[in-house]
Amino acid sequence: MSLTLSVPAPLRDLADGQAAIELGDDPATVREALAALRAVFPAAYDRIVTERGELRPHINLFVEAEDIRYTGGLDTPLPPGSRLFILPSVSGG
Amino acid sequence: MPDTPAGLRAREGDILLLVGTTKGAFLLRSDPSRDGWEVDGPHFPGEEVYALALDQRAGRHALWAAPGNPFYGTTLRRSDDFGASWSNGEDRPVRFPEESELALKRIWQIRPGRPEDPERLFLGVEPSCLFESRDGGESWTPVGGFLYHEHRERWTPGAGGMCMHTILTDPAASERMLVAISTGGVYRTDDGGATWQARNQGVRAEFLPDKHPEFGQCVHKVAHHPSRPERLFLQNHWGLYRSDDWGDSWHDVANGVPSDFGFCMAVHPHDPETAYIVPLESDGFRCTPGASLRVYRTRDAGGSWEALTEGLPQHGAYETVLRDSLDVDSAAPAGVYFGTRSGKLYASSDEGDSWTLVRDGLPPVVCVKAAVLHAA
């Protein structure tokens, strides 16, 4: 079963204009899902993750309604068929 | 969202101003009279643009910009049609190698290399490092001698971040370069970037217990003239200095300025004795002294400084001009330009004797670059 990755508007140009991407091969964790994203849309991946492999400071990832900061970070498990959301913080001005 | 900018229709002899702000970049054009300005922008609306450059070597008209935001990071973009279109932000990635355990935060400086080497360009970035391209900006790698410098772990960020903001090349010697970082100080290489030596003798670090360390100074900007490259002017976090030996030694030239605190520094395009600064009251109150907006000019290499006030507000002007927000064009007489954190852009077409407010209401200005457009 695939995972659905929801893409925010500023990154859609880097993902063939898609608002949602189906990532197949049943990624087991957020880290695996991001690796799958990198394989198909490396530029979009680079806007989410730094060279150090860390989430950019103002980027939040949610599995369904849960912020992965509180569920294991990049090692958060992904139940089959779940949705992963990329959400920029409401910081800045 | 603002309208999409159309780009400038610029011709040979026009003056171009590249203005970076915290919410986008603006491009301005004037004919050689500099009596009026066409404004195009914002490019990259909503993104901070701390670094802009025009590369005119080898017949190019390449505009470079480094837009970024705290969410998705910084990219490097190029336009060959004066901003009508920009390259994709992913085409020319600027990345630290994984083993460095560093990640790019911001590009602070884009510097075309020597005219004799038109495929070479440099970037000064945060965290402090020098990146180099040898293929006209298509690919970028960090300069290893700087990336793995033994002092790196003891450099610390200033209020603006840990940035490399100054990159100077030597017209006479391709192997020599000088860079400045905040904090960290001035570093020079004489072997093409393989090794870098701290060059801060005489520059004080007011905020450290040891006021004259080998390195760790908070240098804000260094400038020089290509015809006399060994003579350097330095605006420090407290301190105004000159070196006549490529930074081997520095001496104080704060003669007659209201404060030796400030950020920006520019050298006259035709006279290596003439330089411009905009002093600020203090590090605790980073505004123009006495609420009076004054540019200071020396014509004797720092022996004395005169206040330039005609056309500038002398009352109620709590202004701040940041390190890269002052520049000169290469016309005769020279044009001088600066932008403020309050979004004002001023221009002088008579070497600073008088000033005109070109634009008000811009987002906070963090970068101003001026150039006379050469034939393609």
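1. Ground rules. In this predicted model, local features need pLDDT of at least 70, side-chain atom pairs count only at pLDDT 80 or more, and totals for linings use all residues. Residues are numbered from 1 along each chain, chains are lettered from A, and side-chain values use heavy atoms, without hydrogens and water.

2. Largest pocket. Its volume is about 1,300 Å³. A pocket here is an open set of points on a 1 Å grid where a 1.4 Å probe fits, with protein on both sides within 12 Å along at least five of seven lines. Volume is the space filled by probe spheres set on the points. The lining has 43 residues, meaning those with an atom within 4 Å of a point. B:Arg111, B:Pro112, B:Pro226, B:Asp327 and B:Ala370 lie nearest the centre.

3. Several strands of chain B each supply at least two residues, including β4 (48–55), β8 (106–112) and β30 (365–372). Strands are DSSP runs (E, at least two residues).

4. Second largest pocket. This one has a volume of about 760 Å³. Of its 28 lining residues, A:Pro10, A:Asp13, B:Phe44, B:Glu47 and B:Arg77 lie nearest the centre.

5. B:Ser348. This residue sits in strand β28 (residues 345–348) of chain B. B:Ser348 counts as buried because its relative accessible area is 1%, and buried means under 20% (1.4 Å probe, protein chains only). A polar atom of its side chain lies 2.8 Å from the backbone nitrogen of B:Gly352. The backbone oxygen of B:Ser354 also lies 2.8 Å from a polar atom of the B:Ser348 side chain.

Note on methods. Helix = DSSP H or I, 4+ residues; strand = E, 2+ residues; numbered from the N terminus. Buried < 20%, exposed > 50% of the residue type's maximum accessible area, 1.4 Å probe, protein only. Polar contact = N/O pair within 3.5 Å; in protein donor to acceptor, adjacent residues only side chain to side chain.
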